[in-house]
Amino acid sequence: MKSPRQLFPLALIFFGALLTVHAQSAFTTLYDFSALDVTGTTNSDGAVPFSGLVLSNSRLYGTSIIGGALGRGTLYAINANGTGFTNLHNFTAGNDGDRPSGGLILSGHTLFGTAFQAGSSGSGNVFAINTDGTGFTVLYGFSATVFNQVTFVSTNGDGSNPLCTLVLSGSTLYGTANGGGVFGHGTVFGINTNIASFTNLHNFSSTTGVKGTNSDGSGPYGALVLAGGALYGTTFQGGTSGRGTIFKVNTNGTGFTNLHNFSGFPNDGATPEGGLLIAGKTLYGTTTFGGGADNGTVFAVNTDGTDFTNLHFFTAFSHGTNADGANPKSTLIVSGDTLYGTATAGGATYNGTVFTLSTSSTGFTTVYNFTALDAVNNITNSDGSGPTAGLTASGSTFYGAAGGGGASGDGTVFAVSLGAAPPLLVIAPVGDNVVLFWPTAASNFGLQTSTDLLSGGWSNISSGIFTAGTNFVFTNGVSRPAAFFRLQGL
């Protein structure tokens, strides 16, 4: 960074773009799901881990939607260092359910989740199981649906085919059903875990026209988020453009509000599959499609529906690849002012990415590109492909699952370690001087200067640095020669 006054505008823009750059990431494949048998259905551990992970005491828990002893999916556990994989439950497509597409949540030693199909009436269920694999219990089985030959939807009184990760408040689980309900377009529900009582909180309304529009949304996929007695979520379709919605409903079923109607390409997102993240009074999420290249978006909106902002449009493909990823389906997580997520496709090999983005929409960073698939079988690689779920964090390490790729092509569990973010060196004009400052927490970094980048000669600055609050400060006076500056680890 060079300091003459005539370069102030350029310098300020340049450093603004660097404010969220991260340290080099380290990727580890923790587990490769094994190959399916010759029928392409069964194995010992599961296949296609569609959902995210939950972490407790250095142990990760997740689900796979197919594979296992009966080919109907599994519930598994694995240590955070990649050892100790255990198949906790093989789904049978009987009363216990089939294809557990949603993630798990943990309360004490009990895991709660949803099965997309089967169950007592074929419409899926909500279940609980101990972390050691014992005590599998169906808390609620969704009722059978009836196909309406006029509206071409299947209806019932409670909903069907849940795809969501649940949210727990006290003794009540909240979630969404992707279909069914009075109008056949899904529901929001609550279940009391103590007495297994079910409450239908909202029936998404009928849709009209080719685009399938309505006032509230249709087909919710993602997890709900709970704040202040209200549930917030997204629908995959419906709304005034038929491209999905963001909604709010109180936990007692009152006060349903449509906070945003997605309009899709080119100015807005479309078809959100991930759930929402809440930080303060702001909701953050992703859409699978929409944006300027129709490759998806990251968005923010206030909990009252105001100030909707598209934080990032995933970029267009060039020969099948791009720099940032495409079609994100994940629920984001946040640390400080940085959002973390996954994109299912795109990136350097079209197999997806892990990314970060500032909550202020600056500094998008592709943390990891999943590697290319084997050129012969087109299903295997070293790390996985197509991550659909969000990440789980422990310190600077982020855990996730990829639905494809890996040694057998049936998916992986992975970890990405970002390490500590490097300190920020900021330049600002103050009168006739140039002032540089960086955090005092970075005491293991020193300020260096050079007058010629091509020479590669950098000199340590040992005097003229003082402390102001939580920053080190150095002033390059107007009488000093123009120079470049950097922070270097000691």
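Is Thr338 buried or exposed?

## Thr338

Thr338 counts as buried because its relative accessibility is 6% (buried is under 20% relative accessible area, exposed over 50%, partly exposed in between, with a 1.4 Å probe and protein chains only). Thr338 sits in strand 27, residues 338-343 (strands are DSSP E runs of at least two residues, numbered from the N terminus). Its side chain makes a polar contact of 3.5 Å with that of Asp337 (a pair of N or O atoms within 3.5 Å, one able to donate a hydrogen and the other to accept it; residues adjacent in sequence count only if both atoms are side-chain atoms).

## About the model

This is a predicted model, where local features need pLDDT of at least 70 and side-chain atom pairs pLDDT 80 or more, while totals for chains, interfaces and linings use all residues. Residues are numbered from 1 along each chain as its sequence is written, and side-chain values use heavy atoms, leaving out hydrogens and water.

Now for an open sheet: four strands in the order 33-34-38-37, with antiparallel pairing (a pair needs at least two DSSP bridges). Strand 33 (426-430) and strand 37 (465-468) are the edges, each pairing on one side only. From one strand to the next, the twist averages 35 degrees (axes are lines fitted to C-alpha atoms, and angles run from 0 to 180 degrees between N-to-C directions).

Strand 37 meets strand 38 (residues 471-476) over four antiparallel bridges. Across from Phe466 you'll find Val473 of strand 38.
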